[in-house]
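Please consult the sequence and the model while reading.

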Amino acid sequence: AGLTGAGFVEVLNYPFVSAEQNSWMGPVGALELENPMQSEASFLRTSLVPGLISAAARNIPRGSTDLALLDEGSVFLSHGASACTTFPACNVRPSEMTLAALKAAIPMQPRLVSGLLTGHWLPQSPGQQSILAGYSQALGAVEVVMQQAAVSFEIRQLEIAGLHPGRAAHVLVAGKVVGFVGEVHPELASQNHLPRSVGVFELNLDEIFAVAPDLVQAQELGVMTALTQDLSLVVDVQVSAADLTQSIVTGAGDLLEEIRLVDDYRGKGLDAGRKSLTFSLLYRAHDRTLTQAEATAARDQAVELANQQFGAILRG
């Protein structure tokens with residue numbers, strides 16, 4: 001409900017794909033169908049993303065160029081068990097050994113939610129430039145899912161098969177990888193006649209719900225005026241955005257209500273092996289209207305701690 005309210009359109013894709021489509025997101029044990037309905041789609045899907053890519057490729061030539069697609073369903077992962085080729089008779093209860101063999105042959109079927117965004121997230125309007133959909137919007141969708149599940153998460157940037165180098169990250173909950181977020185690799189996008197910027201995410205709902213609280217407590221409504229600031233820090237490329245985010249949160253203290261990573265820049269103007277991470281910070285006090293001086297003091301505390309822990313410096 002949160003994602004559809006944010007502008008996503010839910011689609012229903014078939015679970016049958018080709019071997020090539022299954023390979024787009026990296027090699028994973030896939031199950032081949034004995035009698036497929038279509039010879040070109042003879043495997044069960046191991047990710048929802050290929051189906052979303054194909055759906056986008058069908059819609060864009062028909063004029064639907066601004067897309068935010070959502071799919072929820074099971075994928076099918078082989079765990080190395082042998083297929084059960086002998087089936088029990090229908091007129092007697094199978095033995096426990098036979099039942100165990102049948103159950104062992106059933107593939108793992110985790111429930112996932114995935115999304116794809118491309119085109120314009122916001123169209124151009126008077127006083128507002130258009131905003132292309134991509135990594136930031138995909139990360140925002142991940143935040144929506146985690147907020148509704150009341151689960152804290154972090155991202156760890158690294159190279160992921162099928163995703164753009166430098167614009168890909170694992171999503172972790174309690175130190176465990178539960179999905180990924182990023183942009184589709186330009187070569188894969190071009191292969192499917194998609195724009196260069198295509199944001200995607202995929203999350204394992206079974207693993208997220210396993211750690212989600214049974215009762216979600218609503219947050220207090222902030223009635224006092226909030227203040228916002230942008231903060232750009234230069235760090236070594238080995239420093240993860242998640243670790244730097246936690247350092248900022250700790251240093252800024254209780255006045256920091258929200259923090260969002262909005263840019264990860266590497267290139268001209270920075271030394272080799274360095275990157276610039278830009279965060280959007282929102283400050284609010286529950287009992288008074290904050291002054292700009294208070295917000296700046298909280299930011300300076302965050303910068304100081306980030307410098308002590310990771311050698312971070314303000315980007316000039």
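A residue is called buried when its relative accessible area is under 20%, exposed when it is over 50%, and partly exposed in between. Arginine 288, at 33% relative accessibility, therefore counts as partly exposed. The model examined here is a predicted one.

Strands of a sheet pair through backbone hydrogen bonds, either parallel or antiparallel. Here seven strands form an open sheet with mixed pairing, in the order β1-β4-β5-β11-β10-β9-β8. Strands β1 (9-10) and β8 (154-157) stand at the edges, and each has a single partner strand, so one side of each lacks a neighbour in the sheet. Within this sheet, β10 (residues 176-184) and β11 (residues 198-204) run antiparallel and are joined by five bridges. Valine 181 faces phenylalanine 201 of β11 across this pairing. Helix α5 (residues 135-149) packs on the sheet, where it touches β5 (111-118), β8, β9 (163-173), β10 and β11; the direction of the helix makes about 25° with that of β11.

Most residues other than glycine have a negative phi. Alanine 174, in the loop between β9 and β10, has a positive phi near 55°. Histidine 193 also has a positive value, about 60°, and lies in the loop between α6 (186-191) and β11. Alanine 174 is exposed because its relative accessible area is 78%, and histidine 193 is likewise exposed, at 69%.

The charged pairs come next. The whole structure contains twelve salt bridges. In one of them, glutamate 143 meets arginine 260, with the closest N and O atoms 2.6 Å apart. This pair links distant parts of the chain, since glutamate 143 belongs to helix α5 and arginine 260 to strand β13 (residues 256-265), 117 residues apart. Glutamate 143 is buried at 15% relative accessible area, whereas arginine 260 is partly exposed at 31%.

Arginine 284 lies in the loop between β14 (274-283) and α9 (292-310), so the pair ties together parts 27 residues apart in sequence. Arginine 284 is buried, at 16%, while glutamate 257 is partly exposed, at 41%.

Arginine 288 itself forms a salt bridge with glutamate 294 (2.8 Å, N to O). Salt bridges with shared partners join Asp287, Arg288 and Glu294 into one network.

How values were computed: Residues are numbered from 1 along each chain as its sequence is written. This is a predicted model: local features need pLDDT of at least 70, side-chain atom pairs count only at pLDDT 80 or more; totals for chains, interfaces and linings use all residues. Side-chain values use heavy atoms; hydrogens and water are left out. Two strands pair if DSSP finds at least two bridges between them. Helices (H or I, at least four residues) and strands (E, at least two) are DSSP runs, numbered from the N terminus. Contact means heavy atoms within 4.5 Å. Axes are lines fitted to C-alpha atoms, for helices over the stretch in contact, and angles run from 0 to 180 degrees between N-to-C directions. Buried means under 20% relative accessible area, exposed over 50%, partly exposed in between (1.4 Å probe, protein chains only). A salt bridge is a side-chain nitrogen of Lys or Arg within 4 Å of a carboxyl oxygen of Asp or Glu.
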